[in-house]
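Good morning, and thank you for coming. I would like to take you through a structure that may be new to you, with attention to its rings, its domains and one of its ligands.

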Amino acid sequence: MSHCDGCTGCTVDDKVVKIAKKFKDVDGGIMSALHEVQDEYGYISESVQKYLSKELSVPMSDIYGIITFYSRFSLVPKGKYNVQVCMGTACYVKGAEDVLKEFKDELKIDVGQVTEDGKFSLESVRCIGACGLAPAIVVNSEVYGKMSPDKVKEILSKYN
Amino acid sequence: MQKTSKELRDIRSNTKLKFKSSRIMICSGTGCTSSKSDKILEELKKKGKELGSDVIIEKTGCFGFCAKGPIIVIEPEQTFYEMVKVEDSEDIIKAVISGTKVERLMPSENDKFIQKWHELNFYNKQKRVALKNCGYINPEDIDEYIAVDGYLALEKVLTGLTKNEVINTVLESGLRGRGGAGFPTGKKWQFTAASKSDVKYVCCNADEGDPGAFMDRSILEGDPHSVLEAMAIAGYAIGSNQGYIYVRAEYPIAVERLKIAIKQAKKYGLLGKNILGTDFDFDIELRLGAGAFVCGEETALMNSIEGKRGEPRPRPPFPAVKGLFAKPTLLNNVETYANVCQIILNGSEWFSSIGTNTSKGTKVFALGGNINNVGLVEVPMGTTLREIVYDIGGGIPGGKKFKAAQTGGPSGGCIPNQHLDTPIDYESLTQIGSMMGSGGLIVMDETKCMVNIAKFFLEFTVDESCGKCPSCRIGTKRMLEILTRITEGKGKVEDIDRLEKLANVIKNASLCGLGQTAPNPVLSTLKYFRDEYVDHIENKNCAAGECKALTKVIINPEKCKECGICQKNCPTNAIMGEVRKGPFEIDQTKCIKCKVCVAKCPFKAIS
Ligand SMILES: Cc1cc2nc3c(=O)[nH]c(=O)nc-3n(C[C@H](O)[C@H](O)[C@H](O)COP(=O)(O)O)c2cc1C
Ligand code: SF4
Ligand code: SF4
Ligand code: SF4
Ligand code: FES
Ligand code: FES
């Protein structure tokens, strides 16, 4: 744990300290720093934002602006299992919409939300490069191809 | 350790010898990896050891025939195995040892086994230039790239050509940008070279935004060095020592292969200081995109690399004058770069002999949707859509009829049957209301509603508009509202007019290409499928049956055998009736049109 003297005593992990150090002097390094934080924690907390703001000399308002601009960055944690339904054109044409709807119904959440128990979150993404297996979905990093609404329950049950 | 020209030659000839021995090449593109080719690779290695075989087992890039993945090719015989499973590993190794083939994994056409992969119908009309090394070399081994004349173009340039000679070669080849707009690549190099500045940058656009396309990803996954080498050549030509590749973070395999490739190139001194002992320095850094489509636009991409929100900047100034970090910047697409080394090695005449008058060379397309051979195809410019859809793509599955081909993604349009014989090039596609785009090619059959597909693309642009221009931010939303209304059966006769008026405003008043082209999917479907719009609005009918509010699921009482299977499967208990007591009926107020019953009825009584 390390203190950032700029703010009112919040703390950040050593990992964040390292990330900040790595990108401090890189032109446009804030994007890369946010990527690494997002990968490490699944979201970018306010205390991390404050710390990066100070260390990389980027105003808080800019950091917030960047995080909200790019869909890959998240202000809140994702579920333990992040379900990404491909809504790329190839998958859409093969019925991805029905698959997405089934996930919404089964999980009782909308795209961009997390289930109450924090277990699942749901996203719609663009082409994941598995068009040959369209419609395709990804749960964490596992790809499931040739999806149909009736396979949704079975897949979710694997993660229960 | 810096390699000299002679050392590179030695690597080249030694590795070429290796290519003469047996190699099992397994596709490690995203498609095949999704169907577990990584597990097969492990198993093959394990079995190879167990059976005491010294056959080389390696990853390679996408073969293009992703629909039949996971794919393995045995070199040097070029035997093609499709839909391979982990359990097949032992037989594959044994066959290599005994010099035989595993016939059950080989494709057959006209009752004959296909002996070499290029003999498949799928490849018949293709010509692989940008994808030349995909499926032949291991993308994680720089020696294999060097063996296929890799870094020879860079050597030729650095040791024998002036900057002007390089630019002229690219100019004379007729190469045009593969990222969508088709700007002549040589001209762009010329302009950037002419800008005076102490620092210039070379950028590679690997943001691949078209949702349903994976050409650039496949090149980066299968042949990353070809892009690095071309960027270094561009750096020499325009006077730059620093390159950036802006690649989507959602492409983990491509990012990993690029990292490996950059590391290996640096180790050999093919990137870094004093490349090949000359006074030319060039380095490349990776920057990750973060899921914003607009960042594929050149000025937005530069803002994003600078660590800002990816909003487009007004042009002029153009990037060739004032681009990344306010320095002159050259930006090209991945596939554009993938052609450059071939042009340097084979000459501009060779390249310009391929293609049409205005569009030279080949184009890679990601063929998807309602088509038998989903995959990646590379064809000479001038190939017709019909050849791609039927000869290469194998036609439409399920005996359905072709309705439209969509090119250009959210900026493009739908091409109907009557234009299937259009030879593909930049001009002809624009003329018929679509565009080349980056290479997404989605085929749609008769069950697809064109109003609905226009709505799909508008949803995408509404989501992705950066919001800077009111015309784009608000205009696309209005268009989407109208389209939604039409698909829900609430369309009004004036709506078509309104759509066209809005489209014009958005096209003319938007700052960047996203807004300027956003209306295209609507305009092109209005052009070729106006009847469908009218049918939705006036008759409240969706002939394709996709707009759920406009379709009815009905049981044909004459065909119903009163078995009750449909009733058991209906999620909303909308089906009324009792077994063997008269035909069943659907309560339209309860039916959600999921069509589960249609699929379940053994007597095809429901439609
Ligand atoms: C909204 C929008 C998205 C774009 N997306 C991409 C993309 O994903 N990849 C790409 O190479 N070019 C894309 N472009 C085109 C680039 O702005 C630029 O023209 C291109 O990268 C230049 O390279 P080229 O001349 O080699 O084609 C996009 C343009 C716009 C307006
Ligand atoms: S046209 Fe749209 S995406 Fe482009 S700058 Fe304007 S608002 Fe942003
Ligand atoms: S499944 Fe078909 S045949 Fe059986 S009751 Fe339903 S409609 Fe009639
Ligand atoms: S379409 Fe779906 S909801 Fe309607 S009757 Fe058939 S099974 Fe029930
Ligand atoms: S469109 Fe879904 S994987 Fe390509
Ligand atoms: S990903 Fe394997 S053939 Fe395309």
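Let me begin with a definition: a charge sits over a ring if NZ of Lys or CZ of Arg is within 6 Å of the ring centre and within 35 degrees of the ring normal. Please keep in mind that this is a predicted model. In chain B, the charged end of K3(B) is placed over the ring of Y268(B), at 4.7 Å from its centre. K363(B) likewise lies over the face of F365(B), with 5.7 Å to the ring centre.

I turn now to rings that pair with each other. Over all chains, the count is 22 aromatic pairs. In one of them, the ring centres of Y81(A) and Y159(A) are 4.8 Å apart and the planes meet at 55 degrees, so this pair is tilted. Y81(A) belongs to strand β3, whereas Y159(A) is in the segment after α7, so the pair ties together parts 78 residues apart in sequence. Y81(A) counts as buried, at 17% relative accessibility, and Y159(A) is buried too, at 14%.

In chain B, F122(B) and Y123(B) make an edge-to-face pair, with 5.0 Å between centres and 85 degrees between planes. Both residues are buried. They belong to one aromatic cluster, together with F63(B), F65(B), F80(B) and W117(B).

Next, the domains. Chain A is assigned domain 1 (2-69) and domain 2 (81-158), and their C-alpha centres are separated by 31 Å.

Finally, which residues come nearest to ligand 3? Of the 13 around it, they are C560(B), K561(B), C563(B), C566(B) and C601(B). By class, the shell holds ten nonpolar, one polar and two charged residues.

Definitions and conventions. Residues are numbered from 1 along each chain as its sequence is written. Chains are lettered from A and ligands numbered from 1 in the order in which they are written. This is a predicted model: local features need pLDDT of at least 70, side-chain atom pairs count only at pLDDT 80 or more; totals for chains, interfaces and linings use all residues. Side-chain values use heavy atoms; hydrogens and water are left out. Domain bounds come from an automatic or database domain assignment. A residue is near a molecule or strand if one of its heavy atoms lies within 4 Å of it. Ala, Val, Leu, Ile, Met, Phe, Trp, Tyr, Cys and Pro count as nonpolar, Asp, Glu, Lys and Arg as charged, and the others, Gly among them, as polar. Rings of Phe, Tyr and Trp (its six-membered ring) pair if their centres lie within 6.5 Å; planes under 30 degrees apart count as stacked, over 60 as edge-to-face and the rest as tilted. Helices (H or I, at least four residues) and strands (E, at least two) are DSSP runs, numbered from the N terminus. Buried means under 20% relative accessible area, exposed over 50%, partly exposed in between (1.4 Å probe, protein chains only).
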